[in-house]
Amino acid sequence: MQVASNGTTFHCRVDGRGPWLMLSHGLATDLTMWDELADALKDRYRVLRYDARGHGGSPATAGDYTLDLLVADAAGILDALGIAQCHFGGLSMGGMVTLGMLLDHPARVRSGIIADSRHTTRPDFTAAWHARAAEVREGGIEAVVASTGRRWSSAGLAARNPAVIARMEAMIRRTSADGYRGCAAALAQLNYGHRLTEIGAPTLLICGSEDHGAPPENTRQMHAAITGSRFVEIEQAGHISNIERPDVFNAAVARFLNDVDGDTGP
């Protein structure tokens, strides 16, 4: 379905029944990255997924985006669907959106799930996003397909499971050039690190052991700063850990949600 929010429309999907869980994907992916998790949880949760601006089935808007804009997009979808509160999770860019929801819309978020994501930028991180945006501006989205797939993958993934590589590359190709450039500009301004101690909701932090974009030491820093948070490192997984190791990822999320909801859950 298409849902109006924050001046544009978003392709959304809802599966299952029970308390709401909203999921936000990473840059150059789309809502299909959550297929396995939605299937694992749909008997206990109502899983809401959406394509970010310029990704999958959601149209791009022109210009540079900000994280404030991307967070407002997510909050606006909740408003449009009449959802007062939900569990909220995301990976990479979606994890940054999750941080923004936890910090700026705390009453809307029962718990947060942040996977393979960063909390602050560094000069090399910012420069890399500007460089990739320039590549896409000059050569279209195809210019970053191969390099992005390699950067996301753990060692040996292409030989071990080529279907995962093909799936990731297909999602990249479904991303519009304007959407990629706009979101890359938002990521280059990431600056939530000084606010992590404000987070009071139960929070699960997940990372792949071979994630070089958001490495385990980065996730441990968030874990140390967020009171009461839970940390899970997934072996033999790169940046898109939920697709590389869905069994381990989904089990960690299910345990966390069960602990948060307790006797009041589904």
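## Ground rules

Residues are numbered from 1 along each chain as its sequence is written, and side-chain values use heavy atoms, with hydrogens and water left out. Because the model is predicted, local features need pLDDT of at least 70 and side-chain atom pairs count only at pLDDT 80 or more, while totals for chains, interfaces and linings use all residues.

## Aromatic pairs

Rings of Phe, Tyr and Trp (its six-membered ring) pair if their centres lie within 6.5 Å. Planes under 30 degrees apart count as stacked, over 60 as edge-to-face and the rest as tilted. The whole structure holds 3 aromatic pairs. One of them joins Phe-10 and Tyr-50: the ring centres are 6.3 Å apart and the planes meet at 80°, so this pair is edge-to-face. Phe-10 is in strand β2 (residues 8-16) and Tyr-50 in strand β4 (residues 46-50), 40 residues apart, so the pair links distant parts of the chain. Strands (E, at least two residues) and helices (H or I, at least four) are DSSP runs, numbered from the N terminus.

Phe-125 and Trp-129 form another pair. Their ring centres are 6.2 Å apart with planes at 85°, so this pair is edge-to-face. The two residues are 4 residues apart in helix α4 (residues 123-139), about one helical turn. Phe-125 is buried at 11%, and Trp-129 is buried at 10%. Each ring also has a charge over it (NZ of Lys or CZ of Arg within 6 Å of the ring centre and within 35 degrees of the ring normal). Arg-118 lies over the face of Phe-125, 5.0 Å from the ring centre. Arg-132 has its charged end over the ring of Trp-129, 4.7 Å from the centre.

## Helix α11

Helix α11 (residues 246-261) has 16 residues. The expected span is 1.5 Å times one less than the number of residues. That gives 22 Å, and the end C-alpha atoms are 22 Å apart, which agrees. Its buried residues include Phe-249, Phe-256 and Asp-261. Just after α11, Gly-262 takes a positive phi of about 50°.

## Cysteines

A disulfide is a covalent bond between the sulfur atoms of two cysteines. The rule here asks for two cysteine sulfur atoms within 2.5 Å. The count is 0 disulfides. Cys-12 is buried at 2% relative accessibility. Cys-86 is also buried, at 2%.

## Two loop residues

Arg-108 lies in the loop between α3 (93-104) and β6 (109-115). Arg-108 is buried, at 16%. A polar atom of its side chain lies 2.9 Å from the backbone oxygen of Ala-84. Not counting residues up to four places away in sequence, Arg-108 touches several residues (contact means heavy atoms within 4.5 Å), among them Leu-78, Asp-79 and Cys-86.

Thr-121 sits in the loop between β6 and α4. Thr-121 is partly exposed, at 25%.

Notes. Buried < 20%, exposed > 50% of the residue type's maximum accessible area, 1.4 Å probe, protein only. Polar contact = N/O pair within 3.5 Å; in protein donor to acceptor, adjacent residues only side chain to side chain.
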